[in-house]
Amino acid sequence: MEVVAESVAGIDVHQKQVTITVLIGSSSVQKPKRFSNRFGTTTSALKACGEWLVEKNVEKVAMESTGQYWRPVWQVLESFNFDMILCNPRIIKNIPGKKTDQKDSEWLAALTRCGLVSASFIPPRNIQELRESTRSRKKLIQSRTRIRNEIHNILQRSNIKLTSFITDIFSGSGLRLLNLVINGEVITLRKVSSCMTKRLKSTPEQIFESLDGVLGKNDLSLMVIQMKLLDDYGRAITELDNLIDEQLADQADLLHRLQEIPGISDTTAQTVIAEVGPDVSPFVDAHHLASWAGLCPGSYESAGKKHGSATLHGNGHLKAALVTAAMGAKRTKKSGLKDYYWRLSSRMDKQKAVIALAHKLLRIIYALIQDGSTYQEYKKDQRKAITLATNN
C-alpha cells in the first residue's frame with residue numbers, strides 16, 4: 001500500500017494507561033521500524049508521552065474514541081502540535097487472531113501510515129463545552145420524565161385518577177390539587193374548586209371524585225421523595241438553560257436564523273449549533289454532513305443489484321433533534337417542507353418520509369451556516385416557478 005506518512009503513532013487508550021506503537025519508515029522501506037511504550041493517564045504521564053513522541057519525530061497520532069478516556073489524552077497531546085486523528089472504533093477493527101493492547105495500537109498505526117483511517121469531527125473547545133451542556137440538559141430532562149412517570153404510577157396504583165381529567169399535574173391547577181393529596185388534607189368540594197381555574201374543562205365534581213383513592217403511608221413517603229427530586233431536577237435544568245444561553249451569546253444571529261426554519265425550536269437550534277458548530281467547512285458538502293449525522297440510507301450492492309439499507313448510527317443527538325424537528329415541520333401550515341413530506345409519504349413508508357424530511361432540514365441548515373443566509377419560505381406557485389427555471 002502507498003505510505004502517506006513516514007512517522008505515525010497509534011494509541012490504544014484505556015482508563016489507567018495508554019499503549020503506543022510508533023512506526024517509522026519511508027515508502028521505499030518494506031518494513032518500518034517499530035517502537036512501543038506504555039504510559040499512565042495522569043497529566044504528568046501524558047506530558048511525558050508527548051515528549052517521547054516528539055523525540056521520535058512523530059507526524060500523525062491516531063487513537064480510538066473510547067468512551068471519555070480519549071479526551072484527556074487528546075487535550076494534552078494536542079498542545080504538542082501533532083496531526084491528531086480520532087477514529088471510530090466500529091470502523092477500525094483489528095485483524096483476526098490474538099488481541100492485545102500492543103497489537104491494537106500497532107494495527108491503528110499501520111492503518112494511519114497508509115492513510116486508511118478517516119478522522120472524526122472534533123469541534124473547537126468552546127463548542128465542545130456547549131455540546132457537554134446540551135447533552136447534560138437532555139439527560140436531566142429524561143431523568144425528570146422518569147420521575148414524573150413514577151409519580152403517575154403511584155397515583156394509579158392508589159386509584160387516584162387525577163391524570164384522567166388533567167393533562168399536566170405538575171403545574172398550575174394540577175400541582176395545587178396534587179399538593180392537597182400529598183399534604184394529607186381533608187379533600188372537600190370547596191377546596192377542589194378553589195384550586196381549579198376556568199380553563200379546565202372538567203367539573204369540580206369530576207375532579208373531586210377522581211381524588212377518592214387510598215394513598216398508603218409508604219406510597220405517600222415515596223411521593224414526597226419523588227416530588228423533592230422533581231424540584232431539584234427543575235432547578236438544575238433552569239441553571240443549565242442559563243449556562244447554555246451564556247455559551248451561545250456570540251451565536252445569537254445563527255440561533256435566530258435557525259429558528260426561522262419550520263419545525264426548528266429553540267432547543268433544537270441550540271442542539272444543532274452544539275453538535276455541528278458555527279462552521280461547516282470540515283464537511284465537504286451537505287451530503288457528507290447528513291452521512292455523519294446518520295440521516296443517509298446505507299448502500300448495499302451485490303451481483304450488480306442495489307438494495308436498500310438502514311441508515312447509519314451517526315451522531316445520535318443531532319439525528320434525534322432533527323427527526324423531532326421533522327415531526328414538527330410536517331405539521332406546519334402552508335410550508336414547502338410539509339408539502340415535501342406528503343409527496344414522499346404518498347409513495348413510501350411514513351417513517352422513511354420523516355427521515356427524508358430530516359435530511360432535507362439538515363441540508364437547509366448546512367446552506368444557512370455556510371452562506372450566512374436566512375431561510376425563505378415560498379408559496380406553492382413560487383416553488384413551481386423556481387423548479388421550472390432550475391430545470392430549464
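1. Helices (H or I, at least four residues) and strands (E, at least two) are taken here as DSSP runs, numbered from the N terminus. On that basis the protein has 15 helices and seven strands. The model is predicted: local features need pLDDT of at least 70, side-chain atom pairs count only at pLDDT 80 or more, and totals for chains, interfaces and linings use all residues. Residues are numbered from 1 along each chain as its sequence is written, and side-chain values use heavy atoms, with hydrogens and water left out.

2. Of the 392 residues, 39% count as buried, where buried means under 20% relative accessible area, exposed over 50%, and partly exposed in between (1.4 Å probe, protein chains only). Contact means heavy atoms within 4.5 Å. Among contacts with a separation of 6 or more, 60% come from residues 24 or more positions apart.

3. Five strands form an open sheet in the order 3-2-1-4-5, with mixed pairing; two strands pair if DSSP finds at least two bridges between them. Strand 3 (33–40) and strand 5 (83–87) are the edge strands, each pairing on one side only. Direction ignored, neighbouring strands of this sheet are turned by 20° against each other on average.

4. Strand 1 and its partners. Seven bridges join strand 1 to strand 2, and the two run antiparallel. Ile11 stands opposite Ile20 in strand 2, and a hairpin of three residues links strand 1 to strand 2. With strand 4, strand 1 pairs in the parallel sense over four bridges; Ala9 has Val61 of strand 4 as its bridge partner.

5. Burial of strand 1. Seven of the seven residues of strand 1 are buried. Both faces are covered, with Ser7, Ala9, Ile11 and Val13 buried on one side and Val8, Gly10 and Asp12 buried on the other.

6. Strand 2, strand 3 and helix 1. Strand 2 (residues 17–24) and strand 3 run antiparallel and are joined by eight bridges. Thr19 has Arg38 of strand 3 as its bridge partner. Helix 1 (residues 43–55) lies across strand 1 (7–13), strand 2, strand 3 and strand 4 (60–64), and runs at about 165° to strand 3. Axes are lines fitted to C-alpha atoms, for helices over the stretch in contact, and angles run from 0 to 180 degrees between N-to-C directions.

7. Helix 11 against helix 14. The axes of helix 11 (residues 286–293) and helix 14 (residues 350–371) come within 9 Å and cross at roughly 130°. That angle makes helix 11 oblique to helix 14; angles under 35 degrees count as roughly parallel, over 145 as roughly antiparallel, 65 to 115 as roughly perpendicular and the rest as oblique. Ala286, His287, Leu289, Ala290 and Ala293 of helix 11 make the contact with His359, Leu362, Arg363 and Tyr366 of helix 14. By class, six residues in this contact are nonpolar, two polar and one charged (Ala, Val, Leu, Ile, Met, Phe, Trp, Tyr, Cys and Pro count as nonpolar, Asp, Glu, Lys and Arg as charged, and the others, Gly among them, as polar).

8. Backbone points to check. Most residues other than glycine have a negative phi. Asn81, in the loop between helix 2 (70–78) and strand 5, has a positive phi near 65°. Asn81 is exposed, with a relative accessible area of 68%. Lys334 also has a positive phi, about 55°, and sits in the loop between helix 12 (316–329) and helix 13 (336–345). Lys334 is exposed, with a relative accessible area of 82%.
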